[in-house]
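Dear colleague,

My notes on what was found in it follow directly after.

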Amino acid sequence: MSTAAPTLVQLQNLSVSFSGRASDPTRQFRAVDDVTVDIRGGEILGLVGESGSGKTTLAKALLRLHRPSEGRILFRGVDLATLGERALRPYRRDLQMVFQDPLSSFNPRQTVAQALSLPLRLHAICPRDQIPRHVDGMLVRVGLSPAFGSRFPHELSGGQLQRVAIGRALTLSPHVLVADEAVSKLDVSVRAQILNLLVDVQTAHALSILFITHDLHVARYLCHRIGVMYFGKLVELGPTEEIFTRPRHPYTRALLGTLEENAGPDDADPITAPPSATGCRYGSRCPHTVRRCTEVHPALEASAEQHLVACHRWHELGELA
Amino acid sequence: MTPRRNQLSRLLASFLGNPTAVLGAGITAFMILAATLGAALMPYGPDHTDFLDLLSAPSLSHPFGTDSFGRDVLTRVLYGARVSLLLSATGIAIAASAGVALGMVSAYKGGYVDMLLMRFADLLFAFPSFVLALFLMVVLGFGALNVSIAIALTYFPIFARLGRNMTLLVREEPFVQAARLMAEPTPLILMREILPNIAAPLIVQATIGIAFGIVIEAGLSFLGVGVQPPTPSLGVIMADGREYFARAPWVLTMTGATISCALLGLNLFGDGLRDLMDPRLRQRTQS
Amino acid sequence: MTSEPKSVLEIRDLRTRFDLHEGSIEVVRGVDLSIVEGEMLGLIGESGSGKTVTGLSILRLLPPNAHLSSAVLRFADTELQGLSDRQFQSLRGRRLAMIFQNPMGAFNPAKRVDWHLREVIRTRERSDAAWRELATTALRTVGIPRPERVLRLYPHQLSGGMAQRILIAMVLALEPDLVIADEPTTNLDNIVERQILGLFRRLQTRLRAAFLFITHDMTLAAALCNRIAVMYAGKIVEIGPTRQVFEAPRHPYTQGLIATAIALKTRAARLKEIAGDPPNLANPPPGCPFSPRCAQVMERCRAIEPPMFGPPQHQARCFLGESA
């Protein structure tokens with residue numbers, strides 16, 4: 001996976017705001033705050049972060065399930081962020097998603113075959129009479145017998161359903177597949193099957209995958225590049241191995257610290273105050289803050305080839321463990 | 001399709017296992033049958049007068065007795081039940097289709113449309129249903145057809161709100177988002193994805209609505225603003241019976257008992273349906 | 001000369017079945033367990049393995065359509081099956097503690113945190129005096145700064161991690177003899193999860209309680225537990241000291257789970273899969289329930305269900321262990 005791969009999707013200064021949290025209905029809440037990131041052809045880009053980091057919101061904004069409040073989504077020279085539903089229609093085929101909970105991502109009243117034939121019919125991908133064959137073919141391609149077509153979603157296991165979900169997403173031959181915690185709800189023994197399937201599918205179709213997860217092991221295994229998000233901000237971005245062996249941002253380091261077998265201080269991390277509106281979001285938890293950190297949120301800077309960090313002090317902190 | 005048949009047979013079996021539901025269904029079915037077939041099978045017509053037998057107490061030949069015109073009360077009640085049921089069911093059907101349709105669209109689109117519709121529904125809700133129905137009759141004019149319309153308007157906000165709230169829930173489900181991602185057109189999403197998944201509580205509400213529709217019709221006709229005599233309806237017969245209650249209490253009481261029965265049956269049936277939806281979810285094993 | 005550690009939980013042949021519309025399904029199909037004081041036993045399994053139902057069976061938290069039977073179901077010196085519901089309830093509140101996946105379920109939403117701690121302390125101490133002191137100390141022990149402020153909060157104002165901490169504080173204050181935890185960190189983020197696990201370690205050292213730690217996450221169990229029991233299709237298929245089970249697993253299912261975890265960590269070119277899906281318990285296959293998925297299956301496995309083989313310390317329900 002080289003850096004020479006062409007950029008497929010460019011998210012520029014993307015922000016997604018929601019109005020009104022239960023605690024303070026008047027305030028605008030920025031789930032995604034000024035994020036710039038690109039997705040390249042044929043790559044698997046991982047997006048990691050904890051709950052509330054905005055990673056899922058970002059993915060949904062990319063797919064236009066949420067409306068971005070600011071910024072651009074450049075795809076094939078078109079800004080998807082401002083298009084209306086009708087204008088978006090032709091682009092829907094190019095961006096598809098696999099959801100975290102396979103069972104709720106299918107209409108419980110329809111059979112698997114009906115779910116798979118829907119996109120075929122909506123987009124006239126093949127002639128009407130060819131549809132059953134197409135559906136059978138897709139089931140086989142994701143490792144299931146065509147007999148599954150006549151079953152209802154609740155009759156399949158999580159792993160089986162997720163395969164169908166991947167098949168359904170592939171029906172439209174998308175360029176970008178978003179996998180939102182696609183294996184988190186699956187049993188460990190099934191997880192490997194789905195991960196292998198994703199890898200197979202990706203190589204076979206030269207897909208780009210945006211893989212959202214909180215599981216660092218899976219991210220490291222699967223992804224070519226990784227972006228780390230914290231409270232709506234992208235704090236670090238780079239090739240997987242770079243991120244894992246030379247993490248620059250204190251938050252990334254903290255996250256990676258949880259992977260170690262014998263982690264250090266295992267308690268009494270002070271309960272965090274909400275992140276400040278100005279200044280670095282991570283400031284209230286970061287052990288390395290200086291005054292500048294409370295004043296201005298750091299911009300993404302390149303610390304190495306392809307490795308971006310948003311931290312005022314990354315060069316000084318560079319050599320710390 | 002076999003999987004569908006399987007689901008249905010399972011539903012049927014659970015339903016039959018619930019004694020309340022079966023009782024309710026039984027009473028309801030019996031009443032519907034009586035009002036349709038039974039009425040036709042009666043030896044008398046509803047208007048058949050027998051001046052030799054005025055206001056006679058219940059007997060073998062007249063199980064509900066006769067009224068001041070010598071008409072067989074049971075026959076009139078059966079015909080009346082048919083009228084009441086029909087008017088109520090029609091009204092509810094209109095309320096349900098219009099209400100749910102509007103509620104669904106409103107919830108899916110959101111924004112001003114949603115707000116307007118809900119404020120309108122709130123307005124209708126502010127009035128107690130019977131008072132509202134009465135008011136509507138005054139505005140629309142008396143008569144059977146308008147009873148239906150009054151019932152429809154009275155129940156419209158309930159269905160609109162129910163349809164809207166259920167749609168709001170289902171709208172956020174991943175499978176609806178998946179449908180949007182596939183560029184499924186909105187009308188199709190509403191019909192294929194959302195409606196089948198909100199149908200259950202709507203059906204329960206409709207059952208209960210019909211029950212209360214009967215009560216509203218009876219009340220309106222009793223007051224003289226609903227169905228006009230000589231057309232029998234449960235309310236008309238009760239109005240009649242009230243006039244000579246001292247001499248012939250059976251007319252009023254038997255009709256009232258019939259209404260109560262119908263209500264009981266429909267309510268139990270609705271409850272049974274509701275129970276059917278719930279424990280099916282809870283009965284799954286945990287691992 | 002140390003005395004024999006006291007047995008806290010002793011279970012022989014626990015069976016739990018559910019009555020469903022389609023018929024009865026046996027979800028726990030003959031489980032044997034024993035835990036002594038100070039020991040943490042990890043119960044590992046995936047969905048459908050029966051691990052959660054095992055925990056619920058011990059705690060009598062099953063829905064009305066469930067029935068359990070057990071040859072032995074003993075807590076300390078008491079045979080639990082002989083207790084009436086009321087007797088069991090008083091036992092459960094005082095000497096048995098539970099920590100579940102969703103901590104919110106343990107709180108009364110209409111009462112503040114201080115009320116909850118007070119209830120626990122009152123149970124233990126039988127006196128109310130100085131409960132606030134004890135509560136504050138308990139919260140501080142689990143790493144909550146400004147406990148006075150937290151005591152005044154209502155449950156809905158707590159984050160998942162905070163709620164779980166408070167729950168652990170309550171368990172600490174209760175000083176039970178047995179703690180059953182079912183996926184206590186599954187809903188928590190990585191960093192918070194790490195902290196909660198640390199608290200569990202602290203719980204283990206401070207209390208002389210026995211722990212049953214139910215989870216699907218092998219690595220978690222490996223970090224915390226003294227012994228591991230692996231469940232599959234309602235039975236325990238392997239049980240032994242943590243290190244031994246991880247370094248020398250005897251059952252192909254355990255081997256598969258560990259292999260996947262390792263492959264993931266070492267970024268093998270292709271992940272080792274365990275083919276197929278867990279069995280349908282309404283219609284379990286004959287013989288060993290894992291046989292349809294087992295790479296080392298023998299003819300015998302499909303016909304007869306294997307008993308436990310191996311030294312009493314580390315056993316596996318697999319014919320491969322017969323010769324060993």
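C:G42 has C:I228 in β10(C) as its bridge partner. The strands concerned are β3 (residues 40-44) and β10 (residues 227-232) of chain C, which pair in the parallel sense over four bridges. Two strands are said to pair if DSSP finds at least two bridges between them; helices (H or I, at least four residues) and strands (E, at least two) are DSSP runs, numbered from the N terminus.

This is a predicted model, in which local features need pLDDT of at least 70 and side-chain atom pairs count only at pLDDT 80 or more, while totals for chains, interfaces and linings use all residues. Residues are numbered from 1 along each chain as its sequence is written, and chains are lettered from A and ligands numbered from 1 in the order in which they are written.

Chain C: sheet, helix and domains

The pair described above belongs to an open sheet of seven strands with mixed pairing, in the order β7-β8-β9-β3-β10-β11-β12 (chain C). At its edges stand β7 (96-99) and β12 (315-316) of chain C, each with a single partner strand, so one side of each lacks a neighbour in the sheet. In general, strands of a sheet pair through backbone hydrogen bonds, either parallel or antiparallel.

Helix α1 (residues 51-59) of chain C has eight of its nine residues buried, so the helix is largely enclosed by the rest of the structure. A residue counts as buried if 20 or more other C-beta atoms lie within 10 Å of its own, as exposed if 12 or fewer do, and as partly exposed in between, with C-beta atoms placed from the backbone. The buried residues of α1(C) are C:K51, C:T52, C:V53, C:T54, C:G55, C:L56, C:S57 and C:I58. C:R60, which follows α1(C), has a positive phi, near 55°.

C:F18 lies in strand β1 (residues 7-20) of chain C. C:F18 is buried, with 21 other C-beta atoms within 10 Å. Between C:F18 and C:A229 there are 211 residues in sequence and 23 Å in space, C-alpha to C-alpha.

Chain C is divided into domain 1 (7-95 + 182-192 + 202-279) and domain 2 (104-175), with bounds that come from an automatic or database domain assignment. The centres of domain 1 and domain 2 of chain C, taken over C-alpha atoms, are separated by 27 Å. Nine residues of domain 1 of chain C are in contact with eight residues of domain 2 of chain C (contact: C-beta atoms, placed from the backbone, lie within 7 Å). On the side of domain 1 of chain C that touches domain 2 of chain C, the elements that give two or more residues are α2 (85-94) and α7 (190-206) of chain C. α7(C) gives the most to that side, with three residues.

Chain C against chain A

How many residues of chain C are in contact with chain A? There are 27 residues of chain C in contact with 27 residues of chain A. The elements giving two or more residues to the side of chain C that touches chain A are α7 and α10 (252-266) of chain C. α7(C) gives the most to this side, with seven residues. By class, the side of chain C that touches chain A has ten nonpolar, eight polar and nine charged residues. Here Ala, Val, Leu, Ile, Met, Phe, Trp, Tyr, Cys and Pro count as nonpolar, Asp, Glu, Lys and Arg as charged, and the others, Gly among them, as polar.

Chain A: strands

Five of the five residues of strand β7 (residues 176-180) of chain A are buried, so this strand is largely enclosed by the rest of the structure. A:V176, A:V178 and A:D180 point one way from β7(A), and A:L177 and A:A179 the other way. Strand β6 (residues 95-98) of chain A pairs with β7(A) in the parallel sense over four bridges, and the bridge partner of A:L95 in β7(A) is A:V176. β7(A) also pairs with strand β8 (residues 208-213) of chain A in the parallel sense, over five bridges; A:L177 stands opposite A:I209 in β8(A).

Strand β4 (residues 70-75) and strand β5 (residues 78-79) of chain A pair in the antiparallel sense over two bridges. β4(A) and β5(A) form a hairpin with two residues between them, and A:R76 in the turn has a positive phi of about 55°.

With kind regards

Definitions and conventions
Contact = placed C-beta atoms within 7 Å.
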